[in-house]
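The sequence and structure are shown first.

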Amino acid sequence: MVPATSTDADRLAAEALERLVRAASDEYLAAARATARRASVGNVHALRVCTRRLRAALGLCTGSVPRELLRRARRPLRRPFRRAGRLRDLHVAARVIARQ
């Protein structure tokens, strides 16, 4: 077996990171569609989890992707995450009230 060069390692790392971001993006889009169809407790929770995962995956790109490009990729995730958080808070409040 021939040892991998740093160029090979860099390429493999870049490919793995690309797969990670694609997978996180696909999961986010699926969760967003499901939540748009029905804003259930589970769907809202899944959307928030997928958003966090996608943001984390994008964070791993720091240093290899221009900062402005990362900012433009992250920005559209803010509003849905905040809104889903507010809806999640309402779900939790409704659950607490129902128990009383």
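The sections below treat the helices in turn, then individual residues and ring contacts.

## Basis of the report

The structure is a predicted model. The values given here are therefore computed from predicted coordinates, with side-chain atom pairs counted only at pLDDT 80 or more.

## Helix H1

Helix H1 covers residues 6–37. It has 32 residues, and the distance from its first C-alpha to its last is 46 Å, close to the 46 Å expected at 1.5 Å a residue.

The buried residues of H1 are Leu17, Val21, Ala24, Tyr28, Ala31, Ala34 and Thr35. Buried residues of this helix pack against H2 and H3. Ala30 also belongs to H1, but its relative accessibility of 40% makes it partly exposed. Ala30 lies 11 residues from Val41 in sequence, and their C-alpha atoms are 16 Å apart.

## Helix H2

Helix H2 spans residues 41–59.

Within H2, the buried set consists of Val44, Leu47, Arg48, Val49, Cys50, Thr51, Leu54, Ala57 and Leu58. These buried residues pack against H1 and H3. Ala46 is another residue of H2; with a relative accessible area of 30%, Ala46 is partly exposed.

## Helix H3

Helix H3 comprises residues 67–99, a total of 33 residues. From first to last C-alpha it reaches 47 Å, close to the 48 Å expected at 1.5 Å a residue. The helix bends by about 25° at Arg78, with a proline, Pro80, following within four residues.

Leu70, Leu77, Phe81, Ala84, Gly85 and His91 are buried in H3. The packing partners of the buried H3 residues are helices H1 and H2.

Thr35 is located in helix H1. Why is Thr35 classed as buried? Its relative accessible area is 14%, and the class applies to values under 20%. The side chain of Thr35 reaches the backbone oxygen of Ala31 at a distance of 2.8 Å.

Leaving aside residues up to four places away in sequence, Thr35 touches Asn43, Val44 and Leu47. Asn43 is placed in helix H2, and with the same exclusion of residues up to four places away, Asn43 touches Ala34, Thr35 and Arg38. Ala46 and Thr35 are 11 residues apart in sequence and 8.5 Å apart in space, while Asn43 and Val92 are 49 residues apart in sequence and 14 Å apart in space.

## Contacts of aromatic rings

A pair of aromatic rings is described by the distance of the centres and the angle of the planes. How many aromatic pairs does a search of the whole structure find? The search finds zero.

Phe81 is among the buried residues of H3, and Arg48 is one of the buried residues of H2.

Terms used:
Residues numbered from 1 in each chain as written. Predicted model: local features only at pLDDT ≥ 70, side-chain atom pairs only at ≥ 80, totals over all residues. Heavy atoms only, no water. Helix = DSSP H or I, 4+ residues; strand = E, 2+ residues; numbered from the N terminus. Expected span 1.5 Å × (residues − 1). Bend = angle between axes of the 7 residues up to and from the residue. Buried < 20%, exposed > 50% of the residue type's maximum accessible area, 1.4 Å probe, protein only. Contact = heavy atoms within 4.5 Å. Polar contact = N/O pair within 3.5 Å; in protein donor to acceptor, adjacent residues only side chain to side chain. Phe/Tyr/Trp six-rings, centres within 6.5 Å; stacked < 30°, edge-to-face > 60°.
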